[in-house]
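Work through the exercises below with the sequence and the model open. Each task is followed by a solution in steps.

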Amino acid sequence: MDSDEKIKILVVDDRPENVTAVAESLDNPEYDVVKALSGDEALKEVLRTEFAVILLDVQMPGLDGFETASLIRKRRKSRSIPIIFVTAINKEEQYVYKGYSLGAVDYLFKPFDIEILRSKVAVFADLFRKNRQIKAQARLIQESERRERARQVAEVQRRGERRYRNLADFVPQLVWIITRDLRFEYVNQRTLSYFRVDSESVSGLALEDVVHADDFKGKKHVWREALLGGAELSAEVRLKRGRDQSYRWHLVHIQPEHDARGRVRAWLGAATDIDDQRRVAEALALEKERLAVTLRSIGDGVIATDIGGRVVLINRAAEQLTGWSQEEAVGRPLTEVFVVREAPFIAEVVSGGSERVGYGGPDREGILIRRDLRECAVATGIMPMRDAEGQLRGTAVVFRDVTDAQRLEEERQKASKLESVGLLAGAIAHDFNNILTAIMGNISLAKLYTSAGEQVYDRLEEAERAALWAKDLTQQLLTFSKGGAPVKRPIDIGSVVRDSAEFASRGSNILCEVSVNGHVVVEADEGQIRQVVHNLVLNAQQAMPEGGRIRVIVNEVRLTGGEGHGLAPGHYAEIVCADEGTGISKENQARIFDPYFTTKQKGSGLGLATTYSIVRKHSGVITVDSDVGRGATFRILLPASDKGLPSATNPAGRVRPGHGRILIMDDESFIRDVLGRLFTHFGYEVGYAKDGAEALAAYKGAVDEERPYHLVIMDLVIPGGMGGREAVRKLLEFDPKAKVIVSSGYSNDPIMANYKHYGFCEAVAKPYRNDELRTVVQRVLAH
């Protein structure tokens with residue numbers, strides 16, 4: 001008996017000396033004893049080798065004998081191997097019963113009789129040998145039967161082979177039989193001609209040799225799965241043509257050929273040339289995709305109809321504008337999906353036939369009524385769609401939303417009007433403010449020499465109030481000045497709006513409800529924002545002469561850029577002022593922000609125009625929504641700021657109020673005189689200069705005399721002389737610690753808005769009240 005035919009016996013014990021002892025006791029030339037020192041090693045050996053019997057120790061570290069036996073029985077390949085348990089410890093009945101319950105054929109106790117062990121092993125070895133002989137005889141019988149069936153099948157195949165081959169040669173497809181390893185066994189004449197091979201050499205050709213490499217790799221796993229499962233498959237692949245080594249696309253269908261026992265013997269294949277059809281289909285698909293991508297990506301809405309005016313296509317932009325989806329719109333009449341007021345030519349063109357179709361791109365404007373009944377302005381055009389013979393096959397409607405464009409054009413026209421007014425307003429306001437400064441200063445001086453309650457004091461109060469009204473009017477004119485900028489500081493917009501609205505409505509017959517939602521900081525000119533709120537509340541009061549309710553709401557909103565305001569995406573403060581008044585007609589809504597336009601008997605027509613200009617100079621927008629008899633709602637959006645609010649400061653300082661030297665520079669003598677008298681009355685020592693040159697000379701002379709000025713008030717604009725901008729620069733070159741306040745009748749001059757950038761400590765706009773000017777002076781001197 002050869003060594004390859006030895007009967008294998010597995011001995012499992014965690015003690016090497018025990019394994020060796022058992023192996024030596026089983027010394028037999030017919031046996032091949034395999035040793036395992038643990039349950040894990042035994043399981044590995046069982047997977048690799050077929051054993052006649054297993055001698056398995058019960059007590060082992062890790063997997064014990066019982067656990068090892070259980071795992072052996074669970075595996076199909078090893079479940080029938082006889083197991084003899086061998087133990088020196090687990091001799092109780094429960095262990096013996098457990099061993100037999102796990103399928104053991106015997107249970108031996110150490111020390112055991114060697115002869116008994118040999119005899120037991122010999123029995124199972126003999127059983128294993130006889131079983132192997134029976135299996136070998138069965139294989140011989142099966143092989144004999146297979147050969148007989150093969151002979152019979154071959155006889156049948158020989159009779160029908162010629163007929164089927166003639167049929168295969170007749171069909172226009174490539175027909176073949178390939179083996180399980182994907183090599184050609186038979187091909188028809190069409191295949192021989194395509195591959196340019198002869199029948200003798202075709203057997204050396206593999207499928208991989210004729211299929212394009214990319215297609216073969218891509219479909220290899222599909223063929224492998226089909227081979228394993230015996231399933232049919234179809235695939236489009238490129239086959240190499242032997243004439244010019246080019247590749248043509250074929251639709252290949254492969255199905256298995258089974259033998260008499262149902263096993264896959266080979267594969268039958270047929271390939272149909274689809275190269276021309278595929279190229280045409282690819283060209284059509286590419287053109288269709290290009291058209292679809294183009295229609296999806298363009299910003300204009302496009303709706304295509306058939307000859308009867310029914311929708312066949314609607315792109316994404318058209319879906320968004322009309323509110324109809326592609327699925328909902330297809331098949332409906334165009335006039336149902338695309339409803340445009342003031343554009344009757346669309347229905348006429350669609351219903352009028354080829355003679356009426358001739359309009360170009362979007363150039364006719366109308367009002368689109370969306371599916372949800374909302375409206376938007378659109379520019380529309382319609383074009384014919386014709387076939388190769390020039391016959392009309394349908395129409396294409398192209399349109400775009402021009403609502404924002406119309407709004408921007410209106411804004412541009414408003415801005416142009418405001419700039420025209422501003423050219424005149426700036427010059428007038430400067431001179432007027434200088435006059436008001438003198439008037440208000442003298443009134444303040446006169447009040448100092450009288451007492452409250454006196455008739456003269458009351459008259460002066462009335463005169464001062466009238467001057468302040470004139471100041472407000474002048475300030476509104478200055479708002480239109482070209483190039484002006486508000487003096488911006490971070491403010492709590494909610495607090496400013498609340499205070500302003502409540503103050504403006506105080507003493508009136510209206511109920512003003514203010515709601516502030518959240519804390520929003522805005523960089524703005526607080527005075528101008530108060531003026532905006534005052535104008536809106538006053539406008540609402542005038543719209544409700546019999547009384548009513550005004551709702552003022554402040555919110556923080558986030559714009560994404562698609563709201564149609566022309567504002568950049570980001571966070572904004574929203575101020576809403578809604579009244580229950582008479583409302584504004586659609587015709588007047590387009591003009592309410594124009595300067596001097598008013599529908600009231602009393603009014604300058606500057607309130608809303610001023611509001612519009614202030615909002616615009618704060619990089620915001622203001623809109624109105626109103627109908628006659630339904631009140632009006634004004635909405636303002638101002639950019640929010642992430643800056644913190646300035647901390648409150650104590651105006652007290654090192655210089656005691658009423659003491660110090662002040663130099664006043666102004667080209668108007670009456671302004672110098674009135675300011676000098678005021679500050680002298682307050683306890684200051686005053687010097688004068690009519691322009692920058694005199695101010696520099698006076699300042700330097702005071703320093704040389706060791707009687708320096710503590711503060712300089714400079715007029716910004718000196719006609720024909722050095723103004724404040726140049727004078728402060730030269731003064732700071734001489735004395736970097738000099739304290740200078742800028743004053744101007746151009747309150748919205750850029751320097752007034754950014755005075756610190758030019759070296760000034762503070763800015764005061766003419767005209768000013770004496771307490772306002774005195775407070776600013778005290779604050780500057782205190783630092």
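Helices here are DSSP runs of H or I with at least four residues, numbered from the N terminus. The model is a predicted one.

**Exercise 1.** Locate Gln541 and decide whether Gln541 is buried or exposed.

Solution.
1. Gln541 belongs to helix α17, which spans residues 526–543.
2. Buried means under 20% relative accessible area.
3. The relative accessibility of Gln541 is 16%, so Gln541 counts as buried.
4. Leaving aside residues up to four places away in sequence, Gln541 touches Ala504, Ser505, Ser508, Ile510 and Ile550.

**Exercise 2.** Describe the largest nonpolar core and the contacts of Ile636.

Solution.
1. This core has 38 residues; those touching the most other members are Ile493, Ile550, Val552, Phe634, Ile636 and Leu638.
2. Helix α17 supplies the largest share of the core, 6 residues.
3. Beyond residues up to four places away in sequence, Ile636 touches Val532, Leu536, Ala573, Glu574, Ile575, Val615, Val621 and Ile622.
4. Another core, of 24 residues, lies apart from the largest one; Val202, Leu207, Ala235 and Trp267 are among its members.

**Exercise 3.** Which residues of helix α3 are buried, and what covers them?

Solution.
1. Within α3 (residues 65–74), the buried residues are Gly65, Phe66, Thr68, Ala69, Ile72 and Arg73.
2. Viewed down the axis of α3, these residues fall within an arc of 160 degrees and therefore line one face of the helix.
3. Their cover includes α2 (39–48), β3 (53–57), β4 (83–87), α4 (93–101) and β5 (106–109).
4. At the N-terminal end, Asp64 caps α3, with a side-chain oxygen 3.2 Å from the backbone nitrogen of Phe66.

Methods. Residues numbered from 1 in each chain as written. Predicted model: local features only at pLDDT ≥ 70, side-chain atom pairs only at ≥ 80, totals over all residues. Heavy atoms only, no water. Buried < 20%, exposed > 50% of the residue type's maximum accessible area, 1.4 Å probe, protein only. Helix = DSSP H or I, 4+ residues; strand = E, 2+ residues; numbered from the N terminus. Arc of directions from axis to C-beta. Contact = heavy atoms within 4.5 Å. Polar contact = N/O pair within 3.5 Å; in protein donor to acceptor, adjacent residues only side chain to side chain. Core = buried A, V, L, I, M, F, W, Y, C linked by side-chain atoms within 4.5 Å.
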